[in-house]
Amino acid sequence: MTATMEIEEEDDELGVELFEAHFDASHRAVAIHEAGHAVVARAFGAHVVFVEIDLITGSGRSHSQNFVEQVNNLAVCVAGCRAEHAFGARSPRGAKISDFRNMRKLPSVLPQTERRAARAEGYRIADAMLRDHADKVQRLADEIMERRWNDGADTVRIEGDELIALLDG
């Protein structure tokens, strides 16, 4: 093998490593984000139906019941972004558009004078729950990351008894 071929091979390996590192960080951020939503919803006693990330688009989703108390819905809504902040993970802004939309929509059903206080309380509650249940956020995000590419599917989805076991752990 010539020196030029060796350099090209090393460059290719470095390129692959950088490519993998980018996707690892991106997927980890989305996994943390969705785990944040799920863990806070479960801490309120909600049934969480599923958590998933799309490995191709880099988007994620989770689904749980809504609450009568709007501040609880706000806490679950902001929990994804707050989890990213708490765990040093950053997903692309585009992956959070529906959360941002809901952060504006949820308080709109409250009287104008209560909206700011409700939003602040939602953030406070989400932060406290994420601190109290940090191990669960990590455990769920780790499980999502572990399942990437396992079966060749473009989506990692955890639901049912598996999800309950991870959230109640």
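Me: Before we look at Ala126, what counts as a helix or a strand here, and in which helix is Ala126 found?
Reply: Helices (H or I, at least four residues) and strands (E, at least two) are DSSP runs, numbered from the N terminus. This is a predicted model, where local features need pLDDT of at least 70, side-chain atom pairs count only at pLDDT 80 or more, and totals for chains, interfaces and linings use all residues. Residues are numbered from 1 along each chain as its sequence is written, and side-chain values use heavy atoms, with hydrogens and water left out. With that settled, Ala126 belongs to residues 112–132, which is helix H4.

Me: Good to know! Which element has the lowest mean pLDDT?
Reply: pLDDT is the predictor's confidence in each residue, from 0 to 100. The chain averages 88, and 88% of the residues score at least 70. Among the elements, H5 has the highest mean, 96, while the lowest, 78, belongs to H1.

Me: What pattern does the chain follow along the sequence?
Reply: The chain has 6 helices and 3 strands. Read along the sequence, they give α-β-β-α-α-α-α-β-α.

Me: Is Ala126 buried or exposed?
Reply: Buried means under 20% relative accessible area, exposed over 50%, and partly exposed in between (1.4 Å probe, protein chains only). Contact means heavy atoms within 4.5 Å, and, leaving out residues up to four places away in sequence, Ala126 touches Val40, Ala75, Val78, Ala79 and Arg82. Its relative accessible area is 0%, so Ala126 is buried.

Me: And is His37 buried or exposed?
Reply: His37 is found in helix H1, residues 3–43. Not counting residues up to four places away in sequence, His37 touches Ser62, Val76, Cys77, Ala79, Gly80 and Asp99. With a relative accessible area of 7%, His37 is buried.

Me: Which side chain makes a polar contact with the side chain of His37?
Reply: A polar contact is a pair of N or O atoms within 3.5 Å; within protein, one must be able to donate a hydrogen and the other to accept it, and residues adjacent in sequence count only if both atoms are side-chain atoms. At 3.0 Å, the partner of His37 is His33.

Me: How are H4 and H5 oriented to each other?
Reply: Axes are lines fitted to C-alpha atoms, for helices over the stretch in contact, and angles run from 0 to 180 degrees between N-to-C directions. H4 and H5 pack at about 75 degrees, with their axes 4 Å apart. Angles under 35 degrees count as roughly parallel, over 145 as roughly antiparallel, 65 to 115 as roughly perpendicular and the rest as oblique. H4 and H5 are therefore roughly perpendicular.

Me: How is H5 placed against H6?
Reply: Helix H5 (residues 134–147) and helix H6 (residues 160–168) pack with their axes 8 Å apart, at an angle of about 140 degrees. That angle makes H5, relative to H6, oblique.

Me: Which residues of H6 meet H5?
Reply: H5 brings Lys136, Arg139, Leu140, Glu143 and Arg147 to this contact. Across from them, H6 supplies Glu162, Leu163, Leu166, Leu167 and Asp168.

Me: Last one: where does Trp149 lie, and which residues does Trp149 touch?
Reply: Trp149 lies in the loop between H5 and strand S3 (155–159). At 47% relative accessibility, Trp149 counts as partly exposed. Not counting residues up to four places away in sequence, Trp149 touches His27 and Leu55.
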